[in-house]
Amino acid sequence: MSPIGETATSALTEASTATTTTEPTPSPVPVQAASVTTPTAYRPHPKPGYPKCKLRLECRDLTHEGAEIFISNNSITEDLLAAVTVVLSILYKPSQSNSHIPGTRSVTLILEASEGVAYTRGSELDNDHKEIHFSLDYISKIPTEPASRRRNEIQGVLVHEMVHCWQWNGQGTAPGGLIEGIADFVRLKAGLSPPHWKKQKKDNWDSGYQHTGYFLDWIERKYGIGSVRRVNEALMNRRYDEEAFWMGLFGKQVKELWDEYCTTIPQDAPIGMEKAQEKPEKAGQKSKDQLEKVLD
């Protein structure tokens, strides 16, 4: 081979070697880090609560003896809030919407000199704003013994009247005795029954007040906790029909239930001091028609 050929061959060999040795080494494929998903914190739904309303106080005569007694025996804000709480807790179970509870927006307690004990009505604004009219004359006559008597009686009346701010009434058709009996049932369950209350056999189950209240308490014990709540809620969206109403709830006519209840009462006992409230078909000297309008 000629020197030129050797040189050419050598050059090609070197070029080939150079090409081979200088080829870059490919970079490794980057490994993607596994994505880490942060779990969403568990947020439970808030526990349903009861509706709230504005509470107001109006005293129309601060110089009245009853006003001094009321103010000195009560923590006014706490006692009104307690009355609302006990009424709602006995008559209802809360839900997310609370659409089964009347839409009461405010309750104004009005202390005034008047006859009777107390009555409740819708305000002049509308029926979602309630007024409880409480007699200062009655407050001034509450016995002073035992020491807790005045406070318990005042709170008992407030609870009774607060029921009227939150209960259903069969679109104005429920018997007055049932309406008042539910109110006194709640008072009884709140532990605020006055000492003169007694269970008594009466001709009619809807004699009202404590007489019907004790009857409803017997129903609650016989048919289970929440039975009176069912009675109240059954008056929400329908007119009262006595036969269908009680048969639908307890499978018996109310007269049968009343007769059975009366067998549990050994004998009538004198009740001593008569309850100073008005007859079942009235509320603070209001007629039955006015009561139905008030509680609608």
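Predicted model: local features only at pLDDT ≥ 70, side-chain atom pairs only at ≥ 80, totals over all residues.
Hello everyone, and thanks for coming.

Local features need pLDDT of at least 70 and side-chain atom pairs count only at pLDDT 80 or more, while totals for chains, interfaces and linings use all residues. Residues are numbered from 1 along each chain as its sequence is written, and side-chain values use heavy atoms, with hydrogens and water left out.

Let's start with the overall picture. The protein has 11 helices and four strands. Of its 296 residues, 45% count as buried, where buried means under 20% relative accessible area, exposed means over 50%, and partly exposed is in between, with a 1.4 Å probe and protein chains only. If we take contacts (heavy atoms within 4.5 Å) between residues at least 6 apart in sequence, 71% of them join residues at least 24 apart.

Now, please find helix 5, residues 149-166. We will look at two of its partners, starting with helix 3, residues 76-91. How do these two cross? Their axes come within 9 Å, at an angle of roughly 55°. The axes here are lines fitted to C-alpha atoms, for helices over the stretch in contact, and angles run from 0 to 180 degrees between N-to-C directions. Helix 3 and helix 5 are therefore oblique to each other; under 35 degrees would be roughly parallel, over 145 roughly antiparallel, 65 to 115 roughly perpendicular, and the rest is oblique. The crossing is right-handed, that is, the near helix is turned clockwise from the far one by less than a right angle, with anticlockwise being left-handed.

On the helix 3 side, the residues that meet helix 5 include L80, V84, V87 and L91. Among those waiting for them on helix 5 are L158, V159, M162 and W166. By class, this contact has 13 nonpolar, one polar and two charged residues. For the classes, Ala, Val, Leu, Ile, Met, Phe, Trp, Tyr, Cys and Pro are nonpolar, Asp, Glu, Lys and Arg are charged, and the others, Gly among them, are polar.

Next, the loop between helix 5 and helix 6. Q171 sits there, with a positive phi of about 55° although it is not a glycine. Most residues other than glycine have a negative phi, and most peptide bonds are trans. At 41% relative accessibility, Q171 counts as partly exposed. Is P175 buried or exposed? It is buried, at 11% relative accessible area. P175 touches W205, D206 and Y240, leaving out residues up to four places away in sequence. Its C-alpha atom lies 9.0 Å from that of G208, a residue 33 places apart along the chain.

That takes us to helix 7, residues 209-223. Y209 belongs to this helix, has a positive phi near 50°, and is buried with a relative accessible area of 6%. Helix 7 and helix 10 (residues 254-262) have axes that come within 10 Å and cross at roughly 90°, so helix 7 is roughly perpendicular to helix 10. Their contact has nine nonpolar, one polar and two charged residues. Among them are F215, W218 and Y223 from helix 7, with L257, W258 and Y261 from helix 10.

Two more stops. P146, in the loop between helix 4 (136-140) and helix 5, is joined to E145 by a cis peptide bond, with omega about -5°.

And what does the S106 side chain make polar contacts with? One partner is the side chain of R56, at 3.2 Å, and another is the side chain of H129, at 2.7 Å. A polar contact is a pair of N or O atoms within 3.5 Å; within protein, one must be able to donate a hydrogen and the other to accept it, and residues adjacent in sequence count only if both atoms are side-chain atoms. S106 is in strand 2, residues 106-112, and is buried at 2% relative accessibility.
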